[in-house]
Amino acid sequence: MYRTINRLTFILMFISGFWTSLWNTEANEPAVHPGKEKTADIIPPINTRFAELPESESPDFQKHIIPLLGKLGCNGRACHGSFQGRGGFQLSLFGYDFHADHAAMLDDSTGRIDLQDPDESLVLAKPLDGDFHEGGKRFEKDSWQHHVLRTWIQQGASNDSKKPKQLEQLEVQPHEIEFTDSTREVNLRVIAHWEDGSVEDVTILCRFKSNDDSIATVTDNGIVNDGTAGDTHVVVSYDNAVIPIPIIKPFGSKQKFKSTTSNHPIDQLVDQKLRKLNIEASGTCSDAEFIRRVSLDISGVLPSPKAVEEFLSNSDPRKREQLIDKLLQSDGYAAWWATRFSDWTGNSDEQLNNVLPVRNVATKMWFEWLRVRLENNVPYDKIVGGIVNAQSRNTDESYLEYCKEMTESCKPGQASRFAEREGMPLYWARRNFQTPEDRAIGFSYTFLGVRIECAQCHKHPFDRWSKDDFEQFSKLFTPIRVNQNLVAQDAKKERDTLLAAITGDEKLRGADLRRALYTAAKNGETIPFGELLVNVRQISDKQKSAIELAKKQGRKAYTPALPSGKILGQNSNISLDHDPRNELMEWLRDPSNPYFAKAIVNRVWSNYFGIGLVDPTDDMNLANPPSNGPLMDYLAAEFIKNQFDLKWLHRKITTSNTYQRSVEPNETNRLDQKNFARHVPRRLPAEVIYDAVMLATGSDAKASLMREEVSEMAIADGKPKRRNQQDFALEVFGQSIRESNCDCDRSDSPSLLQSVYLRNDSEMHQRIMDSSGWVTQACKEIGIDGPLQMSDAQYQTAFNRANAIRKQVVNQMLRFQGASDQQQLKMRKTITSELSRASIKVESLGFQMPPINRLLAGRQKWEILEPLPSKTANQEDLKNLVEQAYLRTLSRYPDTDEVEISVDYIEQSETPADGVASLLWALVNTKEFIITH
Amino acid sequence: MQFNRTCDGANRRDMLKIGSLGFAGLTLSNYLAMAGNGQLTKGRADRAIFIELPGGPSHLDTFDLKPNAPSEVRGSFNPIKTNVPGIEISEHLPQLAKVADKFCILRGVSHTLAAHRLGQEYVNTGSKPIPALEYPSYGAVLAKERPSDAEIPSLVAVPKAAQGPGFLGIRYAALETNSTPAQGQPYSVRGISLPDQISVHEVTRRQSLLKKLDRRFAEVEKSDQLLEGLDQFGSQAYSMITSSRARQAFDISQEPESFSRQFGEEPFGQSCLLALRLVESGVRLVSVQLGGWDTHQDNFSRLKNNNLPKLDSGLSGLLNGLEQRGLLETTAVYVTGEFGRTPKINNRSAEGGRDHYPRCMFMLMAGGAVKGGQVIGESDEKAAGPRNEAITPDDVAASFYYNLGIDPTTEFNSMTGRPITLVRDGNIIKKLFS
């Protein structure tokens, strides 16, 4: 999450006008047409025009004054842009509200503008005097800035237009910067094309911001200087336009690297960018690295030692593709990706509390609904359609049938019944998804990968969205209502009947009612469920009665206007006299939708590379363009062409060389993080680590049971979680809390607590020492004592029991030896078998018994009880054991050094079992274990 | 910023610009500038103990008694005098009555959230909960701003944290003990203490094995933040596990009986003792919970027989203990439930109960620059609301941070990069520090 913050915080800009052009053009065609200068005369920069006080020109409020105030920092959040203003003077945040800003400046009580005596205006006096102004000195006396502001005031401080003037195009020259040894500084020139045909050089009025200061810095005047090698964007903003300019600073002096020989489209598009940057890609990862990486990434499951060995010995040249196909068919794939989809759709137990009459089943249903669809590879748009257009009842289902089916689905282990239902209305029922505003934010987050919450209170600083866009979009969600007690008109009677059958005459409410329903469901009775309703009544009851009253009284009735809303970025109104969700869904799946396909492609990509093409993955905005635009465009377009086939997407990505690169860096790609020139290690997700620890430490039998039946695993949402009762380990490792409409609800950053957990948590020790653990199994296999040592009390008990047997035996021997030879002969057989039984018993208690014939012959008295000598393991066994330990944790064979270190360690340990336990402990604590490589 | 409402004297122009986070920024903050002007006593605590009373303790039966109210409000408890003339508290808090000079009672604290979770979130953060984002606990803020040494966790919750680190992220999460200590018994905590069967020697041996085997990325390590971070956390974890400092800090059995006795035998009192030991060894904030305050039924017998004796011995022991160790001056103490309880006694049980009531509640503050032995704020004649202007959880949070030398107007970035003011609407309660 640390990386999500820096870049965006202080960029103060927004956009709207030129968006329309972007919306309608092909994605990879530049939105603006740089370099194509219009023929009209370009008005020279304002700083030259106002270097001296000009005689005729009047500065324009929108074109000059507000941009100048923005440039001077006046309307920033920390200054007068704050919602409370500063020093009694408030400007609109990010300066978009010309009308309000003009009124604020001319408000007599603030003293900002003094038309009679311009020099007394605080708007001039304050920024000229550092002592007098909390914000410090902003410009010099008689500077061009001073001249502009003063002239404007002197000429009446007017704002000549009621509606904002339309900025048709903001042209930036050059439209891309590639630094070379000889070109290390570039001046940007920005030209505004206004609707009235005027064309002005506004460079000096623009705000410039580098997305990465280490690669390129930019001055207030638009001079870009190179830094360290890499690529980034400089973002230019003026009026309502935001233009990102790509910057490339190659690594080292240009040399020719081998271009990729792969004809895989991903490899070619990645290579194009790498060539510009003069970066050479790392080689291909080893087979051992590949099977571990791809298994964890596709299916979330650590490969079994057997699978690793088989893969390594397989000589089929197509074995990597075969493995990918196999993994995409595995149970782990559907489970793990249903978990990820649950993250993005906000499947949170906390938020689903009480949305169904039966508790703690909703999350499981949600998960299962997704899992089954992923298993069957239902196209992405169809899955989303089932959520967006969700109805509670299936087609042609009666309310009673619906309740019967839901009652069944709520029974333990029956979530798969819910998965067979057409829609997934739980998405709409969440507690944090009830107000239209929350829905607008959550919907954009989930399906568009866009954060529009800024626009709830002010113009979005990095994108086109205005407060009005937000409000119009929110309105679309107002008709959707979900509530446990809400059913369609035609079902009210049936609901009451069902309720009456359960509660009798009693009027139960709240917790009492819940309990009654719960018990009834448990007893096999059908209980009533609420339904998702679309409230499309044109006039509310209250308004209706008002109209009727008016009629009665002979007044003219007031007829309210029909409510309507707008899809984000669309101009046409959607009337809310019908369910607007179908239109919303059609807009999503339309190939021209600029976000829908990209959002999922980007999230899937991020799963495989640890960083999205757009990063953060849920923040697509104009100031945050993709690191590789053509690649993003290609993947999104092909994904749509392939009917939103998710497995196609996974296969396309994982079969590329780009995905299969080695972690070993070279001099040119060592520092690069975002161009996919090497495998960048990342910490495994919480659930994957959790399961990996269980698989690595559990016995073979236990681990294969887990792999066969993934539903109990953490990747399959098998560990129920509630806000205050989340599994400790999953919480520590950053499992998504699925609450705040942010992909950062899941954390993959390391922490001290994680290290403490893996090193020393009792759960870890327990797993390593467990009787169903691998250490116990391995010790048994090579015939040494397991790690479970007897406590003193246990030892004492065993000693007492063995000692009792010893005493019996000694007495028996006394009797035997006292008997006559003939008697002895008779007794011999019985006594021998008794003695051998005793011998087995004594040994099982951990003690030695002298050989039977020596006892019988009276050659040994057995006066002292001695423990069995501990066995030692042989070297060969230990080497095999070390190999197994490596395969089950790090999915590779150990090298000879590692074998030697490990065997030495085990041999020098107090007991061999201690040594084996320590080895397993060390392996799950290596960095290699909890990261991808 | 509603700053002007209580700090009218301060001229905006005289205030210094708020600086960046951390100590350097703090000294520039306008609040501390005011402190410099002698308007406020400067916050000087550098550690804190936050005592939470989940369930919502009845203010009328503890620190805000109304002996003259009608019987359906008054209840059966009588007020007793404290060691501060004029301040009276419940007769079932006799030990606390003897140390009333060490803490300050806030009365007529008021808010509007009557659900446990929402109320908790509010008093645990000082900002009214909003759906879009969760504010961080006080401890998480301290863990971020003033991290402890490697061997010692920055933030410990006994036994559980009611509030997480919110948007600051899991890395500032509390170390939860998951259990409470018992008097005189050795005590250890999840992950920090070695289990019986493993010795420090063994861990050291294991660590040396790990070091030898964990070299797969030796080449890449220097240029990779993740690998570097993992290494760093790994060695910190090792020092924490093997250092005697953390283990000893948790082991309350090392306290002489004469000292530990004053905290009482209850787990809560011993948790207070643990909190004292922890802040003494460098933990920044320890939160302690004492639950059972949700007295919808049998309000009086439950308070009298259970909750009040526990609170009385534990908290008085803590205040005395902190003073004896010379820690009261550097340790900010804050005691609160999520709301008060209804003035009118309900009929839910033979003796009646009280229900959720956020409109009027009490809080306690002590330590650091807090001037003890005073009551701030006042409730009306039935303790149904503040008599005059309400004190809000925001105000108390702002004051708590102030006491810790942290500017409550500090800005953090949320996970989505949104700038968030630490305490959105709080005003420092000047009287606390004067």
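**Ground rules.** I am working from a predicted model, where local features need pLDDT of at least 70, side-chain atom pairs count only at pLDDT 80 or more, and totals for chains, interfaces and linings use all residues. Residues are numbered from 1 along each chain as its sequence is written, with chains lettered from A and ligands numbered from 1 in the order in which they are written.

**Entry 1: β8 of chain B.** I went on with this strand, residues 331-336. Strands here are DSSP runs of E with at least two residues, helices are runs of H or I with at least four, and both are numbered from the N terminus. For burial I used the C-beta count: 20 or more other C-beta atoms within 10 Å is buried, 12 or fewer is exposed, and in between is partly exposed, with C-beta atoms placed from the backbone. Six of the six residues of β8(B) are buried, so the strand is largely enclosed by the rest of the structure. In a regular strand the side chains alternate between the two faces of the sheet. I checked each face: Thr331(B), Val333(B) and Val335(B) are buried on one side, and Ala332(B), Tyr334(B) and Thr336(B) on the other.

Then I looked at the neighbours; two strands pair if DSSP finds at least two bridges between them. β1(B), residues 47-52, runs parallel to β8(B) over six bridges. β11(B), residues 361-366, is antiparallel to β8(B), with four bridges. Val333(B) has a bridge partner here as well, Ala366(B) in β11(B).

**Entry 2: domains of chain B.** The bounds come from an automatic or database domain assignment. I noted domain 1 as 19-183 + 263-433 and domain 2 as 188-250. Their C-alpha centres lie 36 Å apart. Contact means C-beta atoms, placed from the backbone, within 7 Å. By that rule nine residues of domain 1 of chain B touch ten of domain 2 of chain B.

**Entry 3: where B meets A.** I found 46 residues of chain B in contact with 51 residues of chain A. On the chain B side, the elements giving two or more residues are α8 (200-213) and α10 (225-242). α10(B) has the largest share, eleven residues. I also sorted that side by class and got 25 nonpolar, nine polar and twelve charged residues. For the classes, Ala, Val, Leu, Ile, Met, Phe, Trp, Tyr, Cys and Pro are nonpolar, Asp, Glu, Lys and Arg are charged, and the others, Gly among them, are polar.

**Entry 4: chain A overall.** I get 39 helices and 17 strands, in a C-alpha box of roughly 140 × 85 × 60 Å along the principal axes. Of the 933 residues, 46% are buried. The centres of domain 2 (61-154) and domain 4 (793-867) of chain A are 104 Å apart, taken over C-alpha atoms.

**Entry 5: α8 of chain A.** Asn278(A) follows α8(A), and its phi is positive, near 60°.

Terms used. Contact = placed C-beta atoms within 7 Å.
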